[in-house]
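Hi everyone, thanks for coming. Please take a moment to look at the sequence and the model on the screen, and then I'll walk you through a few contacts.

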Amino acid sequence: MMEITSRTQVVGVFADPVEHTLSPPMQNAAFGAMGIPYAYVPWHVKAADLPAAVEAVRALSLAGVNVTIPHKVAVMGLLDEIAPIARLIGAVNTIENRSGRLIGHNTDAPGFLRSLTEEAGVEPASQHVLILGAGGAARAIAVQMVLAGARLVTVANRTESKAAELCRHLQDVAGSELSGNRFTQLSSVPLDAQDPEFQAAVATADILINTTAVGMYPKHDVPPLVPADLLRPKLLVCDIVYTPQRTTLLKAAEQAGCRTLPGLGMLAYQGAIAIEIWTGRKAPVAVMKEALLGALKQRDPGV
Ligand code: NAP
């Protein structure tokens, strides 16, 4: 831990609850490795106190903060500006304090993209991306996949109406200036291994991304949403669940000969991008992943 002095820049996370956050060990390890005087602290902020907490970012001249559950949407109304991608996603997880002007960013979506391109070496452009889930994380990733020029994005969700609703939103994203006028086709299917439309989507997908909490610790020993017999070696299987690191879906995918991408990378890269926004310097992702692994092992030795 670096010495705290009058030069220390305080950053941190607003969350409720805040006990489970892995960001402090990850971000403080990064600042230590970068040798810069920053300290990252967890703040327990209740919904009713969010406006005052955001105002404190200005009053205390904090470089910025992260915001997480349950504040990612509510915080948008309290900021001076929302970055275009965060606006399309409809959620902010990082606030940048630019001389008193508060700007909202979403680093989850580019965090996933960087994990995909830098760790798996795969570009989504011209690919068929199948997303399991239609919640907040699915929305962020789906918007990013459209902006990155995927040929087809299929959303599969247990509650079908939510998948269809997300696809309607993605249609607008595909038609927006930010997409660079690259045309992405969109479809929604039921998240049901017995459904022929779902089976056809798995059969033609290049990249499959689980964004549901299925497989997450402690209820991690469950059958994956995609049975092993539907998986083909050509498929890249990503799971954004990071406890356990190798989920039952990833294990089944490995056995079927698929390449796999665990969720820890997305978590590290979303933090790295936040640091890059606050400091203007490249963050040490390898150090951050190591710190995350250490914190996870300390919390749940069995994971
Ligand atoms: P959310 O908004 O609550 O969405 C949950 C999604 O999971 C919904 O689509 C829901 O389907 C689906 N789901 C839940 N239980 C299911 C089940 N038993 N069978 C099938 N579908 C089920 O949650 P979120 O914020 O998107 O987060 C989802 C997961 O992503 C969490 O595990 C979270 O930890 C992880 N995550 C990881 C990172 C990272 O950095 N790696 C970042 C963000 C989130 P319905 O619509 O039918 O309910």
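**Salt bridges and a helix pair**

Let's begin with Asp206, which is buried, at a relative accessible area of 15%. Buried here means under 20% relative accessible area, exposed means over 50%, and partly exposed is in between, using a 1.4 Å probe and protein chains only.

Before we go on, a word on where this comes from: this is a predicted model, where local features need pLDDT of at least 70 and side-chain atom pairs count only at pLDDT 80 or more, while totals for chains, interfaces and linings use all residues. Residues are numbered from 1 along each chain as its sequence is written, and side-chain values use heavy atoms, with hydrogens and water left out.

Back to Asp206. It forms a salt bridge with Lys234, with the closest N and O atoms 2.9 Å apart. By salt bridge I mean a side-chain nitrogen of Lys or Arg within 4 Å of a carboxyl oxygen of Asp or Glu. Asp206 sits in the loop between H7 and S10, and Lys234 in the loop between S10 and strand S11 (236–239), so this pair ties together parts 28 residues apart in sequence. Helices (H or I, at least four residues) and strands (E, at least two) are DSSP runs, numbered from the N terminus. Lys234 is partly exposed, at 49%.

Asp206 also forms a salt bridge with Arg151, where the closest N and O atoms are 3.6 Å apart. Arg151 is partly exposed, at 39% relative accessibility.

How many salt bridges are there by this rule? The count comes to 11. Another one joins the side chains of Arg98 and Glu96, at 3.0 Å from N to O. Arg98 is partly exposed at 45% relative accessibility, whereas Glu96 is buried at 10%. There is also a network of salt bridges linking Glu55, Arg58 and Asp80.

Now for the helices. Helix H1 (residues 23–34) and helix H9 (residues 264–279) pack at an angle of about 50°, with their axes 10 Å apart. Axes are lines fitted to C-alpha atoms, for helices over the stretch in contact, and angles run from 0 to 180 degrees between N-to-C directions. H1 and H9 are therefore oblique to each other; angles under 35 degrees count as roughly parallel, over 145 as roughly antiparallel, 65 to 115 as roughly perpendicular, and the rest as oblique.
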